[in-house]
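Dear colleague,

Please find below the structure that I am handing over to you, followed by a written account of what was found in it. I would be grateful if you read the account with the model open beside it.

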Amino acid sequence: MNIKTDGQVETDARGEPILRLVPRPADINANGHIFGGWVLSQMDIAAGIVASHRAQGPVATVAIDAMEFIAPILLHDIISVYARIERTGRTSMGIRIEVVATRNRGKEEVKVTEALFTFVALDENARPRPLPAV
């Protein structure tokens, strides 16, 4: 994903979103922006979908790299959550998550935040297990 100097998003390398959501009135804080915890939850869900698919089974979130909010999410925004595998290890993988808000009836896209989520594949006893070969 490329960000132009005016904050607009170029969509050449993002692919399709894993989740697309519309925040509800209950998701806003007193400033009229969406709660950061709500955004983090959606990011974890999207990362979990990708991680579970790659692991071919259950996974657990074990770490989230620093996350910075670049722009607020507003009540009428449509939120797209993009995810891609950035790295894999023996039992774990890093999933890069990017969140983009579409506003003004699709006329504007703004990158909101991004983070790297680390997941570990789990066996039937909830212990780490090796990732299957690709």
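Glu-86 belongs to strand E5; helices (H or I, at least four residues) and strands (E, at least two) are DSSP runs, numbered from the N terminus. Please note that this is a predicted model, in which local features need pLDDT of at least 70 and side-chain atom pairs count only at pLDDT 80 or more, while totals for chains, interfaces and linings use all residues. Residues are numbered from 1 along each chain as its sequence is written, and side-chain values use heavy atoms, with hydrogens and water left out.

Glu-86 counts as partly exposed, at 39% relative accessibility. On this scale, buried means under 20% relative accessible area, exposed means over 50%, and partly exposed lies in between (1.4 Å probe, protein chains only). When neighbours within four places in sequence are left aside, Glu-86 is in contact with Gly-94, Arg-96 and Leu-116; contact means heavy atoms within 4.5 Å.

The structure holds 5 salt bridges, a salt bridge being a side-chain nitrogen of Lys or Arg within 4 Å of a carboxyl oxygen of Asp or Glu. One of them joins Arg-96 to Glu-86, with the closest N and O atoms 3.0 Å apart. Arg-96 lies in strand E6 and Glu-86 in strand E5, so this pair ties together parts that are 10 residues apart in sequence. Arg-96 counts as buried, with 17% relative accessibility.

Arg-96 also meets the side chain of Glu-114 in a salt bridge, at 3.3 Å from N to O. That pair links distant parts of the chain, since Glu-114 is in strand E7 and Arg-96 in strand E6, 18 residues apart. Glu-114, at 26% relative accessibility, is partly exposed.

A further salt bridge runs between Lys-111 and Glu-114, where the closest N and O atoms are 2.4 Å apart. Lys-111 is buried, its relative accessible area being 10%. Through shared partners, salt bridges join Glu-86, Arg-96, Lys-111 and Glu-114 into one network. Within this group, the C-alpha atoms of Glu-86 and Glu-114 are separated by 13 Å, and the two residues are 28 residues apart along the chain.

**The nonpolar core**

In soluble globular proteins, nonpolar side chains tend to be buried together. Here the largest nonpolar core has 25 residues, and those with the most contacts inside it are Ile-95, Ile-97 and Val-99. Such a core is a set of buried Ala, Val, Leu, Ile, Met, Phe, Trp, Tyr and Cys residues joined through side-chain atoms within 4.5 Å. H1, strand E5 (78–88), E6 and E7 each supply at least two residues of this core. The largest share, 8 residues, comes from H1.

Ile-97 touches a number of residues beyond those up to four places away in sequence, among them Met-43, Ala-47, Val-81, Ala-83, Glu-114 and Phe-117.

Ile-18, Ile-45 and Ile-49 form a nonpolar patch on the surface, and together they have about 230 Å² of accessible area. Patches are made of residues with over 30% relative accessible area and no salt bridge; like charges are joined within 9 Å, and nonpolar side chains (Val, Leu, Ile, Met, Phe, Trp, Tyr) within 5 Å. Accessible areas come from the Shrake-Rupley method with a 1.4 Å probe, and for residues only the protein chains shown count as cover. Ile-45 is found in helix H1 (residues 36–55) and is partly exposed, with a relative accessible area of 42%.

Most residues other than glycine have a negative phi, and most peptide bonds are trans. Gln-56 is not a glycine, yet has a positive phi of about 55°. Gln-56 lies in the loop between H1 and strand E4 (59–64) and counts as exposed, at 62% relative accessibility. Arg-105, also not a glycine, has a positive phi of about 55°. The loop that holds Arg-105 runs between strand E6 (92–103) and strand E7 (108–121), and Arg-105 is exposed at 85% relative accessibility.

**Confidence**

The protein averages a pLDDT of 90, and 90% of the residues score at least 70; pLDDT is the predictor's confidence in each residue, from 0 to 100. Among the elements, strand E1 (residues 2–3) has the lowest mean pLDDT (41) and E4 the highest (98). Over residues 1–11 the pLDDT is below 50, and this stretch has 26 contacts in the model beyond near neighbours in sequence. Where pLDDT is low, the predicted coordinates should not be read in detail.

With kind regards
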